[in-house]
Amino acid sequence: MLELVPDDDPLGGMRPLLDDDEACLGYEPQEGFVDRCWVLHTAYRGTARVRWNDALAGAGKRLEDWQFTPSYRVFRGLGLGEDFVGPDRGEIDRECLARLVEILARHSTDGMDTECYWAQAQIEDMGCPVTAWRGSLGEAPAHRDVCGEPTWIVSKQFPAHWWPLDRSWFVLTNWDLSGSEVFGSPELIADLLADDGLDAVRHPSIEEVQGNYAEWRAPTV
């Protein structure tokens, strides 16, 4: 399993950024990556996986018209029926995670054996060093299994940030959102957007919507 690293481990130079108060819900890189997209956490209609836009179509909505980041609020109050199960908040679900890891491995130096850092958001322990681990990319699904079901306790959830030692990509799952933001090469992002096993989309970043209300864009006449 992943190895817990000491609090004085610099995390390849990332620790000051992750320890910053402004990163308490999750750190979003503002530079260093050419492209980015969102991998939306899985929603269900009964036991069947349903893409967000397919679910929203029943309420006459499109994710493109949502003027905020992908969160549980997207589906709030839309009356999508008792059989609709919304996506996980603050933690990537295992189905998304396993497929995302497969694609990341294809764009990583050592495939599934690529060594990575895994770090929590610090929302529970403001002012304390973030908890972090080190281990191979392929260990991600097993590590999530050990974390258990989402409990709203960050220290027991799957890490909010993970990246390879060469920083060729970066994944963020902000504690308050229902999608994971992936940063990397144009080739990686293109593969994510084209993959049938993921619901990956282009949508504004956290930084781009700061100050906006979580609401729908008014329909054009």
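**Figure 1. R167 in a predicted model.** R167 is partly exposed, with a relative accessible area of 36%. The model is predicted. R167 sits in the loop between strand 8 and strand 9. Its phi is near 55 degrees, a positive value in a residue other than glycine. Most residues other than glycine have a negative phi.

**Figure 2. L11, a buried loop residue with positive phi.** The loop that holds L11 runs between strand 1 (3-4) and helix 1 (15-19). Phi of L11 is near 55 degrees, and L11 is not a glycine. Relative accessible area is 0%, so L11 counts as buried, the cut-off being under 20%.

**Figure 3. Helix 3 and its cover.** Helix 3 spans residues 94-106, 13 residues in total. From first C-alpha to last, helix 3 reaches 19 Å, close to the 18 Å expected at 1.5 Å a residue. Its buried residues are C96, L97, L100, V101, I103, L104 and A105.

**Figure 4. The whole protein chain.** Five helices and 11 strands make up the secondary structure. The C-alpha trace spans about 55 × 35 × 35 Å along its principal axes. The radius of gyration is 17 Å, which agrees with the value near 17 Å for a compact globule of 221 residues. Buried residues make up 49% of the chain. Among contacts with a separation of 6 or more, 72% join residues 24 or more positions apart.

How values were computed. Residues numbered from 1 in each chain as written. Predicted model: local features only at pLDDT ≥ 70, side-chain atom pairs only at ≥ 80, totals over all residues. Heavy atoms only, no water. Helix = DSSP H or I, 4+ residues; strand = E, 2+ residues; numbered from the N terminus. Expected span 1.5 Å × (residues − 1). Buried < 20%, exposed > 50% of the residue type's maximum accessible area, 1.4 Å probe, protein only. Contact = heavy atoms within 4.5 Å. Rg over C-alpha atoms; globule rule 2.2 N^0.38 Å.
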